[in-house]
Amino acid sequence: MDAFIHISSSLFLLIGSFLCLSGGIGILRFPDFYTRMHAVGVTETLATAMILIGLILYNPDFLVDVKLVIILLMTLFISPTAGHALANAAMLNDKMQKDDNKQNSEVKSSTS
Amino acid sequence: MIVHLPILQVIIPLMAAPLCLLLTRPRLAWLFSLIASGLAFLISGMLLQQVMTSGTIIYEMGGWEAPWGIEYRIDQLNALLLLIISALSTIVLFAAETSIHKEIPADKHTLFYVLYLLSLAAMLGIVATGDAFNVFVFLEISSLSAYALIALGQDRRALWASYQYLIMGTIGATFILIGIGLMYQMTGTLNMYDLSIRLPEVAQTRTVFTAFAFVIVGICLKLAMFPLHLWLPNAYAYAPSIVTAFFAATATKVAIYLLIRFTFSVFGLSFSFTHLPLQLLFVTLGLVGVFVASTAAIYQTNVKHLFAYSSIAQIGYMIVGFSISTAAGLTATLLHLFNHALMKGALFLALGAVMYRIGSTQLSNFQGLGRQMPVTMAAIVIGGLSLIGVPLTVGFVSKWYLVLAVIENGWWPVAVLILAGSLLAIVYVWRIVEVAYFKPALAGTETIQEAPLSFLIPVWTLVIANIYFGIDTRLSVQVAQAASQSLFGVSP
Amino acid sequence: MFIGLYNYWVVIVLMMVGFYIVIAHGNLIKKIVGLSIFQTSVFIFYISMAKVDGGSAPILADEINQYSNPLPQVLILTAIVVGIATTALALALAVRIKEAYGSIEEDEIQKQDNLD
Amino acid sequence: MLIAATLAILVVMIMAIMRVFIGPTLYDRVLAVNMFGTKTVLLISLLGFVMGRPEFLDIAIVYSLINFISVIGVLRYSDHFIFKQSGQSKK
Amino acid sequence: MKDLLAVAMLLSIYGLLSASFFVAMDAVDVAFTEASVGAGISTLLMLVAISMTGRAEHPSRHKPLLALAVVIVTGSLLIYGTLDMPYFGSAEAPIHQHIAPRYINDSMQEIGVPNIVTSVLASYRAFDTFGEVVVIFTAGMGVLALLSVVRRSPVDIAKIVLFNDAMHERHLILRIVTKIMIPFILLFAFYVQFHGDFGPGGGFQAGVIFASAIFVYTMLFGMNTARRVINQSFIQVLAAIGVLLYGCVGVVSLFNGKKFFDYSALAIDPVAGQHLGILFIELGVGLTVASVMVIIFFNFAGRNETPRNSDKQDL
């Protein structure tokens, strides 16, 4: 049983690390903001969850496990929310800039 | 309660500050802070009395003995400084109520008193403490309140001056922090007395040398010693008058105290002055400071600026006295410290009165003031004479002792240069006198009246003290000598 | 030979970066950032002093008999508070300067002052 | 295994910092900072285990909170910019 | 880096990194504080300030050479100074020999608190901590003196409300999640406050976390809503009370004939007295820190929301 828990803990950690790394490569290599956002958003929650679950399995102490669960829950809440807010803000910003550009060009065309 | 005097000294103004905030009514807050400051003054008097009769007082916080806990260690030097600070603060505070009505918006009066008390308490705390890190903490309280107080000035340049002071002050404090860290690294202790015992064992290491350099540079930044003085003139010139009077009289004194404490007590005389070319460096910087600052003072058009530069010059004298590193030199420095607090307190407070009536301290606005505000101007003149060092004023006493100490050490050229520096002082004081007494009043200024009594009483208290201690020098000289001897006793 | 000191040297480099930003940059906010970096590096310096090889965090527990030095940690807790207090006040001043001068660049403020 | 995971996270943190430096838009940076924060939370949790004293996970909780707050802060105050800029451009 | 917002974010990363370093160096309490302060509060304050001062740095440069020289001299002096220092981590260094052993070995009997940092902070060096509380109080008063806005005309308030409403409709999800989170953050703050004796944490950290919950609320729901919840003059009173609470613990021991901050005067059993003393002063610290942080943030944010043209009047 111990061996099983140990192996599964290691497995979770491994998957988590792999996801982390892929997210990292994503944020560095993807061409524009939204794709980067996608790379991070997809991997981040899962990777965090995997690593934390791995740690929970690794550790037998109850209080520590509770804290880990709290962290896990918080991440599950916070990451998507923050991602959503960020994407939202970025989109609005883009839209606004386009509007501004449009206005500017309209002004220009009307004056010229 | 007599045992607890050292802590009460600091804790009364410190606890009075938040209470002041709770009072909200500015007038009440003023009365309350006046009482707190007055109490601190009384306590410091009692402390000085106690120290002079029975020697060093040690007070351990929380009952933990010294290197583990924080202790207050009051000897003659601290007691003298405590007395200067609390006395000046009380006298200056007396005029505050009237002055800030003109210079600070009404909704910030209570805050002004809160910050003032914090600053007072922090200075007392720096002086009283025997723990190096505690010095840093209280130094920051006093600096933070100083930045805020200076920024309360009307002119927008006050903000900029305060910002510059903040940057310089924080760099200085961080340097001191690094220095304390290095000392701690080598000795494992933070208590100053313990440091002075344990430092000689490791005195030859490069680390202790670096620690010394950082502490000294940090203090010199706070002190506005000559090459690092750039923040001071603007900060003094644009702060509210009361704040200027208070800081000019006390803040640099605290820094000088720290310099003396660290070089003489903590690092020890032999380390500070024999291993390092400190003496030469400080004499040179002190003298150059005297000349550069005095010359700069001559060319100022704002009287507050003028006296701020003169403060830097006076700091130069103190540094010269300090760098002689004999008991006589240190006595001269301490005397000058005390006397300079009296002069500058009187001068800046009188300028506050001028500011109250005219709303400006530009030299051109002083025309005819000798007739319109005779009492205030008389105070400025006496203060100026004291700056020059005319006999029968305190300025003469401390210059006399300084020159004696220098000559005793055989530094004839330095003595000559000190006297030459006084000549420059004559020039800049004369400029004010000339404008105030010998030029006709500006048109439309006939309505200017004498300053109100709430100014005149504190100003003249200080002026009379100027003259009294200039004639009867027994008390001040005795205390200064006792203080400097106690330092040389600690570190032979 | 001096391999045991590399940690301090890295910290010193960090400190000096912060210090350089403070004195060389003209933007008030950036000066404050530099100050913050400078101070934080000093904190790191203190904390490195406290570390003992094989030591553990100074919270007593069974089965652990070597702890790192708690004293520098206490000092730095205090110093961090001092740091944030300074930063807050400096930022407040910067905001007021912006309102009064319309700029937070050192040279422009200097220029305006000279005009007065 | 713990150490391997720690190393992986360190590498990712470096990548995130690089993205913060490169930018190019503000939102890229916020994204990277956010990611960096999450990874710090993981790093702290892992470090606790590597050093053998995992009781100190409170710090990790604080980190995740702070991370959240700073993202909101950036958004809140960058929104302010957009608002002001567009207001000015309309004037 | 000419974009100041990016600089602020990098500063936040620096805070996080140094905090991680503190964890690696066994300084968990410090890491706690640095994370909440360096990465949290100071970044937030910086962001607010930048939003008021403009985010672009001017490219003008002047004489970096002198600065470089000063920096190099200082740096090489420091490196020179390290040459005689005990090596990193060596247990024989004087700092581990002289004072610290007593804290580590005896604090359990003398104070009875497992977290040595807390016992040194709150009892052996309680006066430093008092100074720390006063520092933060001073900063609060200073910011108040610099930034407090007197009173706005109703027109201005209407403008602000309009602006805030426009802001908030966009972030519906954010608002709801935050609403759920805030009670937990507050709860966590209390946990940190009272758990400080046993693990990392204590009054200061708790105060900062508590304040940050209020920050989030303010940022998402606007100053006016926040003002309705939290009365500003009440907060000022709280800040003062925190300092006074701390000081009064010392004064009580004075009246009992013991030295200032000697907690053994608080109860018959000295260790129980220490516990009581630490509890009270941590409460004082928490109270002051939380309220001062809120004061600072409110004054910054309040200044921020004032429309530009009305600023000049109250200067």
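Mentor: Buried residues make up 68% of the 492 residues in chain B. Keep in mind that this is a predicted model.

Trainee: Thanks! How does the radius of gyration of chain B relate to the globule rule, and how compact is chain B?

Mentor: For 492 residues the globule rule gives 23 Å, and the radius of gyration of chain B is 21 Å. Those values are close, so chain B is as compact as a globular protein of that length.

Trainee: And how many helices and strands does chain B have?

Mentor: Its C-alpha atoms fill a box of roughly 70 × 55 × 40 Å along the principal axes. Within chain B, the secondary structure comes to two strands and 20 helices.

Trainee: Let's pick one helix, α17(B). Is α17(B) mostly covered or mostly uncovered, and which elements cover its buried residues?

Mentor: Helix α17 of chain B runs over residues 394–408 and reaches 21 Å from its first C-alpha to its last, close to the 21 Å expected. It is mostly covered, with eleven of its 15 residues buried, among them B:Phe396, B:Tyr401 and B:Leu402. What covers these buried residues includes α13, α14, α16, α18 and α19 of chain B.

Trainee: Now the contact between chains C and E: which element gives the largest share of the side of chain C?

Mentor: The contact takes 76 residues from chain E and 63 from chain C. On the chain C side, the elements giving two or more residues are α1, α2 and α3 of chain C. The largest share, 24 residues, comes from α3(C).

Conventions: Residues numbered from 1 in each chain as written. Chains lettered and ligands numbered in written order. Predicted model: local features only at pLDDT ≥ 70, side-chain atom pairs only at ≥ 80, totals over all residues. Contact = placed C-beta atoms within 7 Å. Helix = DSSP H or I, 4+ residues; strand = E, 2+ residues; numbered from the N terminus. Rg over C-alpha atoms; globule rule 2.2 N^0.38 Å. Buried ≥ 20, exposed ≤ 12 C-beta atoms within 10 Å, placed from the backbone. Expected span 1.5 Å × (residues − 1).
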